[in-house]
Amino acid sequence: MERTSQNLLGRGRAALLPLLIFLAGSHLSAQKSLPSLEERIRILCADSLEGRRAGTVSERITVRLVAEWMTSAIQRPPIIDTFAFMDEDSLWRKSYNVYGILPGEVDSFIVLIAHYDHLGWGGIRSRSIGRHSVHPGADDNASGVSLIIEIAASLARNLRRNSYLFALISAHEPGLWGSQQAAKFLREKRYDKKTLAVVVLDMVGRMSPESSKLYIYHPPSHNIPCTMRSTSRQTLYSLTPKLEESDLRFSDCFAFVEMGLPCFLITTGYHDDYHRISDTPDKLNYEGIYRVFDYLRACYLE
Ligand SMILES: [Zn+2]
């Protein structure tokens with residue numbers, strides 16, 4: 001491994017040792033206790049996870065953690081998909097996606113996706129210019145990851161018609177590598193033929209209490225389930241869906257749109273703390289995240 005990351009990894013090992021011991025100890029109890037949505041976000045944003053940068057030791061610890069949560073949520077072990085990506089220093093590194101599969105009554109799939117990686121200690125995508133400090137990425141995207149675990153646990157407890165693939169993906173920040181890998185996985189397993197919709201959750205933690213807006217980006221040709229047009233379901237959630245047509249080139253949807261699959265990017269939108277060290281858990285609107293949950297349950301999940 002190259003010089004820069006050796007330094008980072010060296011520092012990371014010492015800081016992460018207590019967490020490694022904790023995780024080793026928690027393995028057996030993973031089935032019993034799933035931390036709450038709020039706790040999961042706090043854990044993902046802890047200094048000990050060093051901003052969850054793809055290709056680092058911190059990512060490897062994070063992937064183990066989210067895989068344990070997924071196991072606990074759906075009561076079966078997820079698939080870990082290893083792939084290579086090119087980092088901003090033009091070096092190839094290893095990264096990991098986690099796929100939890102939950103069968104339903106029918107073989108049709110709904111795919112839910114959130115990236116768990118973030119910026120680590122900074123780098124060229126950081127907006128905290130000149131600061132070498134842990135970027136917690138609470139909204140981006142601990143919020144989406146924690147919500148997917150919540151959805152998975154809820155669907156696993158209830159009767160469901162469709163089958164689900166929950167993909168917690170990585171190497172998003174260096175260039176949407178994890179979603180390309182997940183799209184490849186769908187093709188290879190032939191799940192793409194059975195996929196009804198792909199729903200990407202990216203930054204769902206900053207709903208404005210005034211407007212309660214939730215942005216749904218979608219390609220022009222795809223129908224949106226359960227929008228303002230379908231009034232009968234509006235009583236089941238209390239937010240304002242805001243539809244935005246887009247080619248989704250900037251998001252994890254793009255790899256799926258290219259495959260011709262209906263894909264929706266769900267987000268509460270950008271804010272001043274985006275890609276800054278100030279994207280911290282205390283700034284999230286947790287009640288808003290639960291509203292997104294209600295909306296998804298009413299409109300996308302059955
Ligand atoms: Zn980001």
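Which residue stands opposite Thr267 in strand 8? Tyr215 does, and I'll come back to that pairing once we've been through the sheet.

Quick housekeeping. This is a predicted model, so local features need pLDDT of at least 70, side-chain atom pairs count only at pLDDT 80 or more, and totals for chains, interfaces and linings use all residues. Numbering starts from 1 along each chain, as its sequence is written.

Okay, the overview. The protein has 7 helices and 8 strands; helices (H or I, at least four residues) and strands (E, at least two) are DSSP runs, numbered from the N terminus. There are 302 residues, and 45% of them are buried. By buried I mean 20 or more other C-beta atoms within 10 Å of the residue's own; exposed is 12 or fewer, partly exposed is in between, and the C-beta atoms are placed from the backbone. As for contacts, among those between residues at least 6 apart in sequence, 81% join residues at least 24 apart. A contact here is two C-beta atoms, placed from the backbone, within 7 Å.

Let's start with strand 3, residues 109-115. Every one counts: 7 of the 7 residues are buried, so the strand is largely enclosed by the rest of the structure. One side carries Phe109, Val111, Ile113 and His115, the other Ile110, Leu112 and Ala114, and both faces are covered. On pairing, two strands pair if DSSP finds at least two bridges between them. Strand 3 runs parallel to strand 4, residues 163-169, with 7 bridges, and Ala114 sits opposite Leu168 there. To get from strand 3 to strand 4 the chain goes through helix 4, residues 138-157, in a right-handed β-α-β crossover. Right-handed means that, with the strands pointing away from the viewer, the path from the first strand over the helix to the second runs clockwise.

Strand 3 also pairs with strand 5, residues 195-201, again parallel, over 5 bridges. There Ile113 has Val200 as its bridge partner. Now follow Val200 onward: it stands opposite Leu265 in strand 8, and strands 5 and 8 are parallel with 4 bridges. Strand 8 is largely enclosed too, because 5 of its 5 residues are buried. Cys263, Leu265 and Thr267 point one way, Phe264 and Ile266 the other. And that brings back my opening pair: strand 6 and strand 8 run antiparallel, joined by 3 bridges, with Tyr215 opposite Thr267.

Take Ile148: leaving out residues up to four places away in sequence, it touches Leu112, Ala114, Phe166, Leu168 and Leu201.

On to the helices. Helix 2, residues 37-44, buries Arg40, Ile41 and Leu44. Looking down its axis, those buried residues fall within an arc of 100°, so they line one face; the arc is taken over the directions from the helix axis to the C-beta atoms. The buried residues of helix 2 pack against helix 3 and helix 4.

Helix 3 has 18 residues, which should span 26 Å at 1.5 Å a residue, and its end C-alpha atoms are 26 Å apart, in agreement. The expected span is 1.5 Å times one less than the number of residues. Its buried residues include Glu59, Glu68, Trp69 and Met70.

Most residues other than glycine have a negative phi, and most peptide bonds are trans. Ser212 has phi near 50° and lies in the loop between strand 5 and strand 6. His275 has phi near 60°; its loop runs between strand 8 and helix 7. And the bond from Asp140 to Asn141 is cis, omega near 5°, with Asn141 in helix 4. That one I'd like us to look at on screen.
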